[in-house]
There are 2 protein chains.
Amino acid sequence: MFVLLTLTVCAQAAPPTGETIATQGIPDKGVSACMACHGADGSGIAGSGFPRIAGLPAPHIVRQLQLYAEGKRQHPLMLPIANGLDDAERKAIARYYAAMPVPAASGPAPDEATARVAQNLAMWGDWRDRHLPACGQCHGRDGNGIGDAFPGIAGQHADYLKSQLLAWRDGKRGEDPLGMMASVAAQLTESEIDALATWYAAQPSGPAQAAMDAQLRPAQAVTVSDEEVHGGDMPHHGPVASSPAPDDAGYFQPPPRWSYPAGPLGDAVRLGEEVFERTNTHPESGRFVGNDQTCGNCHIDAGRLANSAPLWAAYVAYPAYRTKNDKVNTYIERIQGCFKYSMNAQASAAGGPPAADSDTIVALEAYSYWLATAAPTGDQLMPGRGYRKLAASEQPPDAERGKQVYAAKCAICHGANGQGVIGTDRETVFPPLWGAGAYNWGAGMHRIKTAAAFIKHNMPLGLGNSLTDQQAWDVALFMNSHERPQDPRFNGTLEETAQRFHASEDSLYGKPGLDGKPLGSNPAKR
Amino acid sequence: MFVLLTLTVCAQAAPPTGETIATQGIPDKGVSACMACHGADGSGIAGSGFPRIAGLPAPHIVRQLQLYAEGKRQHPLMLPIANGLDDAERKAIARYYAAMPVPAASGPAPDEATARVAQNLAMWGDWRDRHLPACGQCHGRDGNGIGDAFPGIAGQHADYLKSQLLAWRDGKRGEDPLGMMASVAAQLTESEIDALATWYAAQPSGPAQAAMDAQLRPAQAVTVSDEEVHGGDMPHHGPVASSPAPDDAGYFQPPPRWSYPAGPLGDAVRLGEEVFERTNTHPESGRFVGNDQTCGNCHIDAGRLANSAPLWAAYVAYPAYRTKNDKVNTYIERIQGCFKYSMNAQASAAGGPPAADSDTIVALEAYSYWLATAAPTGDQLMPGRGYRKLAASEQPPDAERGKQVYAAKCAICHGANGQGVIGTDRETVFPPLWGAGAYNWGAGMHRIKTAAAFIKHNMPLGLGNSLTDQQAWDVALFMNSHERPQDPRFNGTLEETAQRFHASEDSLYGKPGLDGKPLGSNPAKR
């Protein structure tokens, strides 16, 4: 049997190598040489619509060939080629181009005004007016892609980038995860599309950041299968516009981006913004973070967005009494609380939150202060403060239903195991939702109603308000039914800690998790 | 010789005792018995205009008898009595009544609205509208007097209190230190006078607080003689109205007194107000203060008064960069700086400023935050912030002239040695200006221009703007020509510390003091 099998394989013709296909094609299958359009170095041809493909992740290339073959991507030249290639050939060609060095940036930098438009959208999106996430959120801060699902766009030819944005917008490109790209492209103006295409073409290209999760794999078993994630029973859908509440206009407006104060205060503000977005890896703040969370993970748009716990509303509302620690907290103590709970500082290199006079805290306070410019001191009721509340669901939240929602709507970014996406440089691309990399059992987000409200209005990223209330409740329950780092207020026994700090149906701490064991009894640890 | 002297004394008639005079008078000198009007127990007679004199300080009683005799106080009955008594007799009667137990309060408490009017004036004065200091500032928080110069008024008969306030107002009572009482009384309405008289009459009376300075005497020698203080060459003057700048209206108004927030935040605000006014003795904050200063000593009206470094303007202006420590400071760090410099925390029981999360700091931050209610976050230019600047004087400041100003205008409260007035309970009634009880060489007030500006606009207390600019500069120079606690930034050598932190003609640190020795070379220590 073994021998027979070997003979069978040997009896077939050796499949063409990637290099062969790339340079010569497979003429008798109607496959022309890739290099004819994409170049010998895979750099494509600017101005012709032929993209750079060198250095793209192999699975991404394979998937695109499948999509061309299935008609979900449309191109007169690619259709016969993709159809002509069998699976092994697709993989061979994909490996061949993936291994090539990434060519340099494609085009010249645009003028400054155009660059600023593009940079704003690339780095920050436009949450305030359109709930539009930053391009860099999924394609990497440097635009060079994250893992296999989010390809690099930096240094890609401008005409290709533009054609694809228009294709997303016009429904001519399929398999859009969650309809995200259709939603994004539909909200961009034509001149913004031009600006982004030109600007990204001029950005330095490099290899995609691999998504790393082995080291950070949560203690729990996989709860969502790959099948569920990529082909679950919920229909794929086209563009889903987020629906900001109608009263979104009229909220307090923090100072415009880039309008930092001059001098050392401005330096502190800028540092605060950086720390806010890269808390767990920033040289200043990384040592105080014991998981893979950043401030920006819970405070969308770097703490600017109304109803997403904006910093400007929080800043003027402190000092304030909190039942959580039964004392009046200064704003600094409030921030330290975020480190203690949401960022699990106990497991950090420093072993606890940053000191009140540390550069990290001073910078975060300065950043918050700047965002609150002109806001009235002491106003504890600024519209848009905190998260918008979510009414109770019709049916009690259900973890099994939540699991389905998670697979269809969340896993693509947060991973099948809730492990998130962590770059090779350990930057958090999408935060872990449970396990050692997640917020701990004392964080506000572990409460079902807080999580449900956050999810409903902000998730999937850029598609806020697209889930039903019931879906938000269900998936929040599912998410918070998993183990995570211990509550730092743990006093030695699960029962007493649960009694003292979790005596609410809003917390699952001390109650059975998905595996039946009491949550908190086997807290996640690095 | 010795024997002869003894014989001479014995040859004279024994002088009548205080008790004899009080109960029988000295009929052949036209002196009627004190008890006829002031009662056997010295409690006076309510409704008759005869005051309680039991428990008043003996020197005060002697001085009043002198004033009656000299016609500086006017009363048809007291004139012949005072004239009839010789010096020894005045002292005897004074000792007799001073030793008597202080009677209980004189009258019933007024209604609540009247009490609130009186209590506000007694505890807080009315700085905002009239630059009127609190009665309790000089007469003691409890109204029972401070030392010999400031008699008790608590429990005194209402009709007497009223008659005296009217006498001050109408210029019928002389020897008014700095014209203070004339100025105060002239600014009170008749109904406020009624309210104060009734309210103080109902307050519990007790012995006056002795002014204590032995323990706190500064290292330096006396620089102003008693002669200079009490009979210097500057004319006594009548009422001196303070002259608030014409733009005093229109400043930011902090929330009204007593309108504290509810709940624990309100508790923290109240605690902050207490700590602010009694920083060096308050159970919460006393251990962080290494001298005899309070926050309120430099921030008039408990941090409310515009141009007297009001807290509401400071609160919204932090975080901010400070050259002093070459970093961006949070508001908390700014407060900690006050402890480090103005309150010389290094010499305190705690050995340094309170921690950022201590009750003291949280309370002071909460208090500042409350005072800044509705002030725009980030406004670094609120009108009234800091101290109002003072133009350079025509002549260079001169310590010798400053010494004369000090003797005439300052010493009555701050003492001949700059030692201030410290109560027996160690409460600071008037803060020391130099020596171990004063601010240290790093505090803002050690700078000549800061001190001159503060003095010009705020001193003497309630008589701000009554000194000429030249006098303010001269006395500021004189004040800051004295030793005080070391600059906490002292790096081991006077020269280097002076070079690094005091390279300005605004600081006398490292330069010759009044005794010719370099200031800072013999810093004051407890």
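**Close-up 1. Asn307(A) in the loop between helix 16 and helix 17 of chain A.** In this predicted model, Asn307(A) sits in the loop that joins helix 16 (300-303) to helix 17 (311-315) of chain A. Its phi is near 70 degrees, a positive value in a residue other than glycine. Most residues other than glycine have a negative phi, and most peptide bonds are trans.

**Close-up 2. Trp258(B), a residue with positive phi in a loop of chain B.** Trp258(B) lies in the loop between helix 13 (226-231) and helix 14 of chain B, and has a positive phi of about 70 degrees although it is not a glycine. With 10 other C-beta atoms within 10 Å, Trp258(B) is exposed.

**Close-up 3. The surroundings of Leu433(A).** Leu433(A) is part of the loop between strand 5 (428-430) and helix 21 (448-458) of chain A, and it counts as buried, with 29 C-beta neighbours inside 10 Å. Once neighbours within four places in sequence are left aside, Leu433(A) is in contact with His414(A), Gly418(A), Gly420(A), Ala438(A) and Met479(A). Ile361(A), which is 72 residues away from Leu433(A) in sequence, is 25 Å from it in space, C-alpha to C-alpha.

**Close-up 4. Helix 22 of chain B and the elements that cover it.** Nine of the eleven residues of helix 22 (residues 469-479) of chain B are buried, so this helix is largely enclosed by the rest of the structure. Among the buried residues of helix 22 of chain B are Trp473(B), Leu477(B) and Phe478(B). The cover over these buried residues includes helix 20 (399-414) and helix 21 (448-458) of chain B.

**Close-up 5. The crossing of helix 18 and helix 19 of chain B.** The axes of helix 18 and helix 19 of chain B come within 10 Å and cross at roughly 115 degrees; the two helices are therefore roughly perpendicular to each other, and helix 18 of chain B passes helix 19 of chain B in a right-handed crossing. Helix 18 of chain B contributes Tyr331(B), Ile332(B) and Ile335(B) to the contact, while helix 19 of chain B contributes Ile361(B), Leu364(B), Glu365(B) and Ser368(B). By class, these residues are five nonpolar, one polar and one charged.

**Close-up 6. The contact between chain B and chain A.** Each side is listed with its residues, 27 from chain B and 27 from chain A. On the side of chain B that touches chain A, two or more residues each come from helix 14 (263-277), strand 2 (320-322), helix 18 (331-340) and helix 19 (359-371) of chain B, and helix 19 of chain B gives the most, with five residues. This side of chain B divides into 19 nonpolar, five polar and three charged residues.

**Close-up 7. The relation between the two copies.** A rotation of 180 degrees with 0.0 Å of shift along its axis superposes chain B on chain A, with an RMSD of 0.1 Å; the two copies are thus related as by a two-fold rotation axis. In chain B, the C-alpha nearest this axis belongs to Pro376(B), at 2.4 Å from it. The same surface serves both copies, and 100% of the contact residues of chain B recur in chain A.

Methods: Residues are numbered from 1 along each chain as its sequence is written. Chains are lettered from A and ligands numbered from 1 in the order in which they are written. This is a predicted model: local features need pLDDT of at least 70, side-chain atom pairs count only at pLDDT 80 or more; totals for chains, interfaces and linings use all residues. Two residues are in contact if their C-beta atoms, placed from the backbone, lie within 7 Å. Helices (H or I, at least four residues) and strands (E, at least two) are DSSP runs, numbered from the N terminus. Ala, Val, Leu, Ile, Met, Phe, Trp, Tyr, Cys and Pro count as nonpolar, Asp, Glu, Lys and Arg as charged, and the others, Gly among them, as polar. Copies are superposed by least squares on the C-alpha atoms of residues with pLDDT of at least 70 in both. A residue is buried if 20 or more other C-beta atoms lie within 10 Å of its own, exposed if 12 or fewer, and partly exposed in between; C-beta atoms are placed from the backbone. Axes are lines fitted to C-alpha atoms, for helices over the stretch in contact, and angles run from 0 to 180 degrees between N-to-C directions. Angles under 35 degrees count as roughly parallel, over 145 as roughly antiparallel, 65 to 115 as roughly perpendicular and the rest as oblique. A crossing is left-handed if the near helix is turned anticlockwise from the far one by less than a right angle, and right-handed if clockwise.
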